[in-house]
Amino acid sequence: MSEMLNVKLASNVVPLRARAHVENQPAIPARATRYPDLRYMGSKSRLLPWIFETLNAVDFDSVLDPFSGTGCVGYLFKSMDRRVVASDFMNFSSLVARATIANNKVHLDGKAIRQLIDGTPPAHNFIEKNFSGVFYKQEDLKFLDRVSGNIRQLQDPYEQALAFAALFRSCLKRQPRGVFTISGDLSHYDDGRRDLRLSIEEHFLEQIEVYNNAVFDNGRRNKALRSDIFELSNERVDLVYLDPPYVPRSDDNCYTKRYHFLEGLSCYWQGLPIDQNTKVKKIAKRYTPFSYRREAVEAFDRMFARFAKSKIALSYSSNGFPDLQQLVELMGKHKKTVTVFEKPHRYHFGTHSKVERASVTEYLIVGQ
């Protein structure tokens with residue numbers, strides 16, 4: 001381990017290193033690089049070639065991705081012809097995984113698309129009623145109410161998931177910052193982007209084609225689940241890829257705060273009461289021990305112990321808590337060898353001036 005990082009090595013920890021260049025090394029599957037990623041905090045989209053390069057050297061046939069998020073890493077594994085089990089505790093993330101990872105064959109055909117954009121006035125106007133003047137224009141809100149009802153008229157769960165995935169990406173594109181923490185007059189964010197000129201309905205039609213093109217069959221029985229990591233069934237897999245939220249040095253890691261609108265949209269806010277005292281109409285934050293310093297270390301230890309029979313690959317950043325030294329020690333309690341790979345990285349989330357602070361060292365900590 002480098003002196004700069006001041007990490008004391010346990011006997012079973014392989015020194016920090018970047019993977020040596022190997023001639024004729026396989027390239028990342030082209031399909032994985034075309035994944036319709038979401039604009040999402042902590043997305044690993046730009047790290048996919050590095051993740052592929054590192055994990056392609058690990059022997060595994062099946063993989064669990066229990067913090068699937070945007071689904072881009074799970075989709076990479078699917079593109080590598082592995083059997084993939086993707087899961088997330090956010091409902092909208094699990095729907096995206098169902099559309100792109102679990103779904104091997106179903107597309108939205110002309111009949112389904114006509115059903116989705118049917119102009120019959122919706123039976124409910126919950127979104128227009130509650131989100132007027134918050135994120136979108138009235139025409140967008142009316143469309144969201146209408147398409148929400150139409151999606152539920154589709155009979156095939158994969159068709160529903162594809163439509164939801166297209167709708168989520170449309171909403172993110174239409175939102176200037178790609179998060180739902182700002183509201184009201186957002187005209188000062190308008191930098192002329194085409195995404196801000198299109199209505200959500202126009203985006204939706206484009207995104208249906210995008211997601212249809214993402215569907216492919218890798219010949220495996222992949223799954224998409226919605227579950228907290230500690231409540232997942234004990235399905236045996238060769239590798240567990242972990243990308244949990246972590247306690248940052250500043251701000252917070254609350255995905256519900258940033259994406260509450262998509263989470264509510266995924267179930268039309270059924271069982272998710274809105275806090276009417278908040279400007280952006282938040283829903284209640286979901287608990288995770290990874291958000292709290294007093295609980296995070298124990299949570300990592302418990303997570304590593306839970307998957308001790310599988311190989312483990314942990315994605316992590318240098319701006320998180322616990323730090324690298326603690327993590328390699330914790331994983332070393334459960335694995336014979338722990339190897340750490342690193343890569344300088346800069347997250348480009350947001351357009352605000354503070355985005356500069358997102359320069360980090362990205363780690364892949366692999367236990368076998």
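# Close-up views of salt bridges and helices

**View 1. Lys 333, with a relative accessible area of 54%, is exposed.** In this predicted model, Lys 333 forms a salt bridge with Asp 301, and the closest N and O atoms of the two residues are 2.9 Å apart. Asp 301 belongs to helix H12 (residues 293-306), whereas Lys 333 sits in the loop between helix H13 (324-332) and strand S9 (338-346), so the pair ties together parts that are 32 residues apart in sequence. Asp 301, for its part, has a relative accessible area of 22% and is partly exposed, because that value falls between the limits of 20% and 50%. The search of the whole structure finds 15 salt bridges.

**View 2. A salt bridge joins the side chains of Lys 223 and Glu 235, at 3.0 Å from N to O.** Lys 223 is part of strand S4 (residues 223-226), and Glu 235 is in the loop between S4 and strand S5 (239-242), so this pair ties together parts that are 12 residues apart in sequence. Lys 223 counts as partly exposed, at 34% relative accessibility, and Glu 235 also counts as partly exposed, at 27%.

**View 3. Arg 193 and Asp 191 meet through their side chains in a salt bridge of 2.7 Å, N to O.** Arg 193 counts as partly exposed, with a relative accessibility of 23%. Asp 191, by contrast, counts as exposed, because its relative accessibility of 51% is over 50%.

**View 4. Helix H11 is mostly covered, with 11 of its 13 residues buried.** The buried residues include Arg 258, Tyr 259, Phe 261, Leu 262, Glu 263 and Cys 267. Among the elements that cover the buried residues of H11 are helix H4 (91-102), helix H6 (126-131), helix H7 (138-151), helix H8 (157-174) and S4. The 13 residues of H11 (residues 255-267) should span 18 Å at 1.5 Å a residue, and its end C-alpha atoms are 17 Å apart, which agrees. H11 also has a kink of about 50°, centred on Phe 261. The residue that follows H11 is Tyr 268, whose phi is positive, near 55°.

**View 5. Tyr 259 is found in helix H11.** Tyr 259 counts as buried, because its relative accessibility of 0% is under 20%. In sequence Tyr 259 and Ile 283 are 24 residues apart, and in space their C-alpha atoms are 9.8 Å apart.

**View 6. Helices H7 and H10 (residues 200-214 for H10) pack at an angle of about 45°, and their axes are 9 Å apart.** On the H7 side the contact is made by Asp 140, Phe 143, Leu 144, Arg 146 and Val 147, and on the H10 side by Ile 200, Glu 201 and Phe 204.

Technical notes
Residues are numbered from 1 along each chain as its sequence is written. This is a predicted model: local features need pLDDT of at least 70, side-chain atom pairs count only at pLDDT 80 or more; totals for chains, interfaces and linings use all residues. Side-chain values use heavy atoms; hydrogens and water are left out. A salt bridge is a side-chain nitrogen of Lys or Arg within 4 Å of a carboxyl oxygen of Asp or Glu. Buried means under 20% relative accessible area, exposed over 50%, partly exposed in between (1.4 Å probe, protein chains only). Helices (H or I, at least four residues) and strands (E, at least two) are DSSP runs, numbered from the N terminus. The expected span of a helix is 1.5 Å times one less than its number of residues. The bend at a residue is the angle between axes fitted to the seven residues ending there and the seven starting there. Contact means heavy atoms within 4.5 Å. Axes are lines fitted to C-alpha atoms, for helices over the stretch in contact, and angles run from 0 to 180 degrees between N-to-C directions.
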